[in-house]
Amino acid sequence: MVLCFAPSGYGQSEPLQAVQLYTQDQLIALINKNEHLNKVMADRCQLVQDIEAHAEVLKEPSYQFLWGDMLAWGVCVEADPTRGIRLIQEAGQQGLPAALEQLGRYYKNATLVQQDLSRAVIFLREAAALGNLNAQLQLAELFIEGHGSPYDYEDAYRWLHQAITADPSTHNKVTEYLQALKKLMHPKAVRRARSPL
């Protein structure tokens, strides 16, 4: 456990309080809820050097993702989108689903990079295979719009068919995408996708 000591207020003479570096599980939970950058700011940017060390020296994927996102958007550091995207790619290469999903979304929506739907499909497919529901939905959306390979429709259908969500709007979107994919697939492929593993 690494602790960093930070003043509890800017310029105030209050006692020091310990700010604990995030565990892998805590950081992944924050990333999955898209609260990681807010947490760094809430901690008053006191862990920047520790985050950088975990990303650049220890090469921990969740910290590579966090540090990359901080650099990409200039959170607590000077913005460096090129270096940020490179770090997010490194986290993705180590199999962090959130990194793969974000890269896919960025290439799909032309965020910080040029739009490249073929690359978006590749990244989103990898994240979807690792169980990332956001990636599964975006991948299905791309397939429904005519991008990607029809050979991958069965996997996309299977992942969505097995998706678990308590959010009614997400559930409705899953149902909508399943119906749309079904229209693009052979009935035999749909039966295979619906069968239990």
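## Reading the terms

A residue is called buried when its relative accessible area is under 20%, exposed when that area is over 50%, and partly exposed in between, using a 1.4 Å probe and protein chains only. By that rule Pro 187, at 51% relative accessibility, counts as exposed.

This is a predicted model, in which local features need pLDDT of at least 70, side-chain atom pairs count only at pLDDT 80 or more, and totals for chains, interfaces and linings use all residues. Residues are numbered from 1 along each chain as its sequence is written, and side-chain values use heavy atoms, with hydrogens and water left out.

## The overall picture

Let us start with the whole protein. Its secondary structure comes to eleven helices and two strands; here helices (H or I, at least four residues) and strands (E, at least two) are DSSP runs, numbered from the N terminus. Taken along the principal axes, the C-alpha atoms fill a box of roughly 70 × 35 × 25 Å.

Of the 197 residues, 44% are buried. A contact means heavy atoms within 4.5 Å. Among contacts between residues at least 6 apart in sequence, 55% join residues at least 24 apart.

## Surface and charge

The accessible surface comes to about 10,800 Å², and carbon and sulfur atoms account for 51% of it. Such areas come from the Shrake-Rupley method with a 1.4 Å probe, and for residues only the protein chains shown count as cover.

The protein has 18 positive and 22 negative side chains, with the centres of the two sets 11 Å apart. Lys and Arg count as positive and Asp and Glu as negative, while His and the chain ends are not counted. Each charge is placed at NZ of Lys, CZ of Arg, CG of Asp or CD of Glu.

## The disulfide

The structure holds one disulfide, meaning a pair of cysteine sulfur atoms within 2.5 Å. Its partners are Cys 45 and Cys 76, whose sulfur atoms are 1.9 Å apart. This pair links distant parts of the chain, 31 residues apart: Cys 45 sits in the loop between helix 2 (36-42) and helix 3 (48-56), and Cys 76 in the loop between helix 4 (61-73) and helix 5 (81-93).

The link of Cys 45 and Cys 76 is left-handed, with -60° about the S-S bond. Cys 45 is partly exposed, with a relative accessible area of 29%, and Cys 76 is partly exposed too, at 28%.

## Helix 11 and its two faces

Pro 187 belongs to helix 11 (residues 187-194). The buried residues of this helix are Ala 189, Val 190 and Ala 193. They lie on the same side of helix 11 because they cover an arc of only 100° around the axis, the arc being that of the directions from the helix axis to the C-beta atoms. Their cover includes helix 9 (153-161) and helix 10 (168-184).

The face turned away from the buried side carries the exposed residues Pro 187 and Arg 191. Pro 187 and Ile 51 are 136 residues apart along the chain, and their C-alpha atoms are separated by 49 Å.

Gln 138 lies in helix 8 (residues 133-144) and is buried, with a relative accessible area of 11%. Leaving aside neighbours within four places in sequence, Gln 138 is in contact with Glu 101, Arg 105, Lys 108 and Leu 124.

Ala 29, in helix 1 (residues 24-32), is partly exposed at 35% relative accessibility. Ala 29 and Leu 160 are 131 residues apart in sequence and 22 Å apart in space, C-alpha to C-alpha.
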